[in-house]
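Here are a few notes from going through this model. Have a look at it first, then read on.

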Amino acid sequence: MGQRHTALKRVGGFGAALVLAVGLAACAQGSSSGGGDSSVVTLNGDRADFTEAYAIAGEALQESAGFGLEARNVPSTENYQQIVRSSLKTDSTTDLVKWWNGYRLQELARSGGLADLSDSWDAAVEKGWVNEDTRDSFSYDGKVYGLPIYKSYWTIFYNKKVFEEVGIEVPTTWAEFESNNDALKAADVTPLFATQQAGWTSFIWYAEILSKLDPDFYQKLMDGEAKYTDPTSRKAMEIWSDMYAKGWFTSPDTAWDNEPSLFAAGTVAQVPMGSWRNGLFADTMDQADYGAYLLPVVEEGVQPSVIVESGVITMAENAPNPEGAKAVMDSWLSPEVQQPWADEIKDTSANPMVGTDDPVLGSILEQVEASEPVELVRYWEAGPPALIESGVQFFGAFMANPTPENIDPTLQKLQNLADTEWANWKADEK
């Protein structure tokens, strides 16, 4: 994806475009449009850092679709999922819901409660607002049930000042990556951030290593066509275990909320995360002081790959304000909305017509364009939710005891879980 620059002015002030609810109870409530302001559409989300972006997008939507946004935020991923799943088919649902693509969207769609957005998708494709090749990731049983809210590339963010002080450069090979980590460790800097504390974050390093070891195997494992106990998966665990033995990671119980401050202070030199984290880093430090690079392949000759994450905006079938919700969905991917939205969240848009002037994002896009990596769906969305959500607990337990002796027991637990949950998923499809 090349860079294109679109000059759009943002409308100042938040106005009525965004109202933040206080507490989980408020977040669980649905639209007030039935007896209140019918010019706004309500949205449930789990990203507090999107507060200003929702306001700005709401102003753009008010102009293009005639409806603004009233967004609510639930900071806990676990609590948020419970709220959405329990309220979606009731009269307490919001009009719109931020969710995830892949199997997580499929699970929500087949449980009922989501509106069919196929016509919104088809219209966006016709206008060049979205890549038709990504349709399957937003579909279930032939129908589209969500639109992309962003497109994030998973990279390694690095502290430029620390790299300069230690005398290292961005690695282009796995050997250079390892050498950099040794140099950082010798300089009393923690090379890499890792935490089990947020739950879902436990899968990050397994997925990153496995995808750079063999992207084809990664895809087969995500599709249930390979086993966690297979040699390639075991090799990824061995590499991960060895990285722990060398002291390259933060303590597994490090608070995820502390990541930006640790990174800005140079206490931790590198952070693996989706490009959506760029916005928070930019709020914490000068963008001239950090950059991002694609993790190199483990062995020469392996196809370059990058893990891609795409959040989703969906519409409740029982939306209290269906007219407004549909109008918002029809306009969501328009450049008039996406440009100010992407500029504010400091991430890339799924609309190929929307570019960026952000230096870090620009660098990521240049690297993607140059290396032409195969794009892989992030682990969190790439399998049945029951498998992933229980599986990350096993990864978290491994992080607390990352010894070679704990590799096989961990992988066997994961495979036993995979056998059960893939069978359940396929049975539910019948």
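Predicted model: local features only at pLDDT ≥ 70, side-chain atom pairs only at ≥ 80, totals over all residues.

**Notes on the model**

1. Let's start with one tryptophan and its neighbours. Leaving aside residues up to four places away in sequence, Trp240 makes contact with Ser202, Trp205, Tyr206, Ile209, Phe249, Phe395, Phe398 and Met399. Trp240 itself sits in helix α10, which covers residues 231-245.

2. Is Trp240 buried or exposed? Its relative accessibility comes out at 0%, so Trp240 counts as buried.

3. The mean pLDDT of the protein chain is 90, and 91% of the residues reach at least 70. I'd read residues 1-35 with care: pLDDT stays under 50 there, although the model has 89 contacts beyond four places in sequence for that stretch.

4. Now for a helix pair. How do helix α2 (residues 51-64) and helix α14 (residues 335-345) cross? Their axes come within 9 Å, at a crossing angle of roughly 170 degrees. Angles over 145 degrees count as roughly antiparallel, and α2 and α14 are therefore roughly antiparallel to each other.

5. Which residues make that contact? From α2 come Glu52, Ala53, Tyr54, Ile56, Ala57, Ala60, Leu61 and Ser64, and they meet Glu336, Val337, Pro340, Trp341, Glu344 and Ile345 of α14. Sorted by class, the contact of α2 with α14 has ten nonpolar residues, three charged and one polar.

Terms used. Residues numbered from 1 in each chain as written. Heavy atoms only, no water. Axes fitted to C-alpha atoms, helices over the stretch in contact; angles between N-to-C directions. Helix = DSSP H or I, 4+ residues; strand = E, 2+ residues; numbered from the N terminus. Parallel < 35°, antiparallel > 145°, perpendicular 65-115°, else oblique. Contact = heavy atoms within 4.5 Å. Nonpolar A, V, L, I, M, F, W, Y, C, P; charged D, E, K, R; others polar. Buried < 20%, exposed > 50% of the residue type's maximum accessible area, 1.4 Å probe, protein only. pLDDT = per-residue confidence, 0-100.
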